[in-house]
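Me: I am new to this structure and would like a close look at a single part, the place where a ligand is held. Please take me through it in one connected account.

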Amino acid sequence: MKKIALISGITGQDGAYLAEFLLKKNYIVHGIKRRSSSVNNYRIDDIYEKFYENSKNPSFYLHYGDVTDSLNISELVNKIGPDEIYNLAAQSHVKVSFETPEYTANADGLGVLRFLESIRRYKKKKIKFYQASTSEMFGGSKPPQSETTVFAPKSPYGAAKLYGHWITKIYRESYNIFACSGILFNHESPLRGETFVTKKVVRAAVKYSLDKKEILQIGNLNATRDWGHAKDYVKNMWMMLQKKNADDYVIATNTSYSVKKFIELTYKYLGFNIKWTGKGLNEKGIDLKSGKIIVKVNSKYFRPNEVDNLRGNSNKAKNSLKWKPKINFKHLVKEMIKYELELQTKKNR
Ligand code: NAP
Ligand code: G4F
């Protein structure tokens, strides 16, 4: 019998990588996608074609749904009867969560509860549950952050995710549900959403390499992040659900870089060296060769409150799950550049 997985957030970065990973493992995969006025399936188009449209025995199905709709979630859980649920759906942008705090709480906090309640009420089999928690829950706590670090969120997103994290643990302990959270540090890929800093930097740098005009408008240059590759992180999601006992794990690379360093490295790989001038909101990055301004700080991209330093200690996952990231930071940056170069060159043809 093939295992059945239900993934919320299937159209997102992790949803696409996880679906591909599970399909290769011979799962039947059901994905929940939101209705939108324009189609946004580009990350899963290839697998949909291969495992649904062109397959004699389809193993990939899509369902309309929304984690803010409890009737819809319980109906899908009842109808599909999955062995494993991966809850990846979220309003996942930290800055946007300051502008849509109530919606973020509903989707990222209560959305988790809706799945857990549906699982608790489902009596035909035991369903395993994975929750995508986040290093944003650590907020102001100093690095390296591990499973025992105090949570101190600094954004509506971090607070909503912390509710999702705790309610997962509470349902595990109260109802003996196999429910666990991966406390995921930042993870990127060519499929990263375009308003997150890594993708935004790579896009602007590639554009500059082609038109010699593009200026990257950026916010806080000094924050540091622990950036891994999404492919490594989705594999870990599956590994956590294959363990005998459910538990929570920090998933990180244990190294961090500043936003400024990420920018310098990206432009360097494209053949440009940056000289920084000015301070604070007047800081600028100059292309050493041409003397042109290529990076400008813009107050629009600052948050009302910032998480300054994130660097995870994922020794528990290393020891207990035998997991460690395979793709390093430099490879990640190069892969993102290569993908973007191909895309923009094609567009310009
Ligand atoms: P993403 O690219 O932003 O994808 C989020 C997904 O959730 C999208 O498919 C989105 O649908 C869907 N979604 C949003 N609101 C929804 C709702 N109300 N109902 C149903 N679906 C909804 O995020 P990601 O990077 O793949 O991250 C996956 C999960 O891991 C998220 O929960 C995120 O918070 C968490 N996480 C991510 C990172 C990271 O660095 N990537 C780190 C820690 C935790 P649309 O495509 O229609 O928008
Ligand atoms: O790429 P970011 O928007 O990611 P952030 O805020 O760390 O959140 C991501 O990682 C979390 C895990 O820690 C996830 F839970 C969450 O869902 C998301 O995937 O920003 C990274 C850093 C921040 O310090 C931000 O202030 O980059 C800084 N930054 C500077 N300029 C910018 C910009 N961020 C964005 N998005 N856009 C800018 O122009």
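Reply: A polar contact is a pair of N or O atoms within 3.5 Å; within protein, one of the two must be able to donate a hydrogen and the other to accept it, and residues adjacent in sequence count only if both atoms are side-chain atoms. With that in mind, a nitrogen atom of ligand 2 lies 2.8 Å from a polar backbone atom of Thr 195, while an oxygen atom of ligand 2 is 2.9 Å from an N or O atom in the side chain of Arg 192, and a polar side-chain atom of Glu 306 is 2.6 Å from an oxygen atom of ligand 2. On its own, ligand 2 has 710 Å² of accessible area, of which the protein covers 95% (Shrake-Rupley method, 1.4 Å probe).

The model is predicted, so that local features need pLDDT of at least 70 and side-chain atom pairs count only at pLDDT 80 or more, whereas totals for chains, interfaces and linings use all residues. Residues are numbered from 1 along each chain as its sequence is written, chains are lettered from A and ligands numbered from 1 in the order in which they are written, and side-chain values use heavy atoms, with hydrogens and water left out.

Around ligand 2 there are 24 residues, the closest being Thr 134, Ser 135, Tyr 157, Arg 303 and Glu 306 (a residue is near if one of its heavy atoms lies within 4 Å). This shell has ten nonpolar, eight polar and six charged residues, where Gly counts as polar and Tyr as nonpolar. Because domain 1 (4-190 + 227-255 + 309-327) and domain 2 (197-222 + 258-307 + 334-347) both give residues to the shell, ligand 2 lies between them; the domain bounds come from an automatic or database domain assignment.
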